Amino acid sequence: MDSPTPELRSEKMLAPYACHENQSPGRVHKETSPSCRNQYQRDRDRIIHCAAFRRLEYKTQVFVNHEGDLFRTRLTHSLEVAQIARSVARALRLQEDLVEAISLAHDLGHTPYGHAGQDALNECMREYGGFEHNLQSLRVIDLLEEKYAEFNGLNLMFDTREGVLKHCAKPVAATLKEVGERFLNNTQPSLEAQLANICDEIAYNNHDVDDGLRSGLIEIEQLLAVRLFKDEYEIVIKKYPNLARKRRIHEVIRRMINRQVTDLINTTSENITTISPRSVDDVRQTTKRLAQFSEEMLSLHQELKRFLGANLYRHNRVRRMTVKAQRLIKEIFNAYISDPALLPADEQFRIAQPDPWPFFGDGDARKARVIADYIAGMTDRYAIAEHQRLYNPEKSD
Ligand code: MG
């Protein structure tokens, strides 16, 4: 007997409210179906093979790459999101390959130096429609990757693009055709998209505790004021009273992740039972999100977020790097905007072409947008090197 193709095998295990490729609006540019993969595997593969994905390795999550080899980067963060999201998707019989594709692509639009870089670029772009990393992720997969003969971007499935675009202002959404519609109609994205979004938060809140402790910027004693940490810490200490600090921290964090993931699966499962969606369209038409934490977990999760905001992200050492990074990004932008001849030839050529997203405007706005696209694509270390080349006369190239 023939074994079913991978596509059929995975389709059979899916819940009716999962994303099914044969019910999807599909791709903007029509393509033949892949033969040995499903459509979402193809998306995942395209993302992994794109240049923006490789650059994530040298982009800051919280700690700058050269501060240490063990801190998370945008790349390892994205892999952790994908790992958590796949586990949840499988437990709920959702489309794992789609949730993985969304997770791996969600941060492709991030600037060098994380949120500091984004804030600086947004300020530079204030007169020209601003800059927002999430919208930029869609721009990368829809337009900026130059790999395929027949289209710009990666020509991903609607469901992947829907998951990547987590939020969007209405005037912009109105110009993005079907992927912008839900922001105008106040409807929901698929469960796979909802999950990838929450798993992003689970990943960064927990790995930032780990990185924060490793860096010495936060201490275990401070974290004992956070209920989620304290509960699991007490369990670990009781079971392993003599455990070394490094293992103790890991045992606590793995339990924190497990508790949040289990709560997310259970609560989402209960919501699915209550609403009983029969298709992904039913999921999209619900007034509230189905993928959620319980109220108790939500309050624990928010307490952890507040702690990290106050004690890690606004820590003096992180803040000093933030200010330096913002200055660096602004100075690179100012050099290019005052003399676009400083840009590589390809970017100068792009300035003369109309933007495929016409709402960003033409003329000076187009020039600024090409510069923002170019800067957003830089890695941390490329931005430092380019700043040197632009401002240090001793650097000749
Ligand atoms: Mg993220």
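Leaving aside neighbours within four places in sequence, which residues is Tyr233 in contact with? Tyr233 is in contact with Ile220, Leu224, Arg248 and Val252, where contact means heavy atoms within 4.5 Å. The structure is a predicted model, in which local features need pLDDT of at least 70 and side-chain atom pairs count only at pLDDT 80 or more, while totals for chains, interfaces and linings use all residues. Residues are numbered from 1 along each chain as its sequence is written, and side-chain values use heavy atoms, with hydrogens and water left out.

Tyr233 belongs to helix H13 (residues 227-239); helices (H or I, at least four residues) are DSSP runs numbered from the N terminus. With a relative accessible area of 12%, Tyr233 is buried, a term that means under 20% relative accessible area (1.4 Å probe, protein chains only). From Tyr233 to Val318 the separation is 85 residues in sequence and 26 Å in space, C-alpha to C-alpha.

Not counting residues up to four places away in sequence, Gln39 touches Glu21, Arg27, Ser33, Pro34 and Met157. Gln39 and Leu135 are 96 residues apart in sequence, and 23 Å lie between their C-alpha atoms.

Next comes the metal site. His77 (NE2), His106 (NE2), Asp107 (OD) and Asp200 (OD) coordinate the magnesium ion at 2.1 to 2.6 Å. Donors here are N, O and S atoms within 2.8 Å of the metal (3.2 Å for Na, K and Ca); water is not among the atoms, so sites may look incomplete. Along the chain, the donors follow the spacing H-x28-H-D-x92-D. Distant parts of the chain are linked by the pair His77, in helix H4 (residues 74-91), and Asp200, in helix H11, which are 123 residues apart. Both His77 and Asp200 are buried.

Helix H11 (residues 191-215) also packs with helix H16 (residues 295-313), at an angle of about 45° and with the axes 11 Å apart. Axes are lines fitted to C-alpha atoms over the stretch in contact, and angles run from 0 to 180 degrees between N-to-C directions. That angle makes H11 oblique to H16, because angles under 35 degrees count as roughly parallel, over 145 as roughly antiparallel, 65 to 115 as roughly perpendicular and the rest as oblique. On the H11 side, Glu201, Ile202, Tyr204, Asn205, Asp208, Val209 and Gly212 meet His301, Leu304, Lys305, Leu308, Leu312 and Tyr313 of H16.

Definitions and conventions
Helices (H or I, at least four residues) and strands (E, at least two) are DSSP runs, numbered from the N terminus. Buried means under 20% relative accessible area, exposed over 50%, partly exposed in between (1.4 Å probe, protein chains only).
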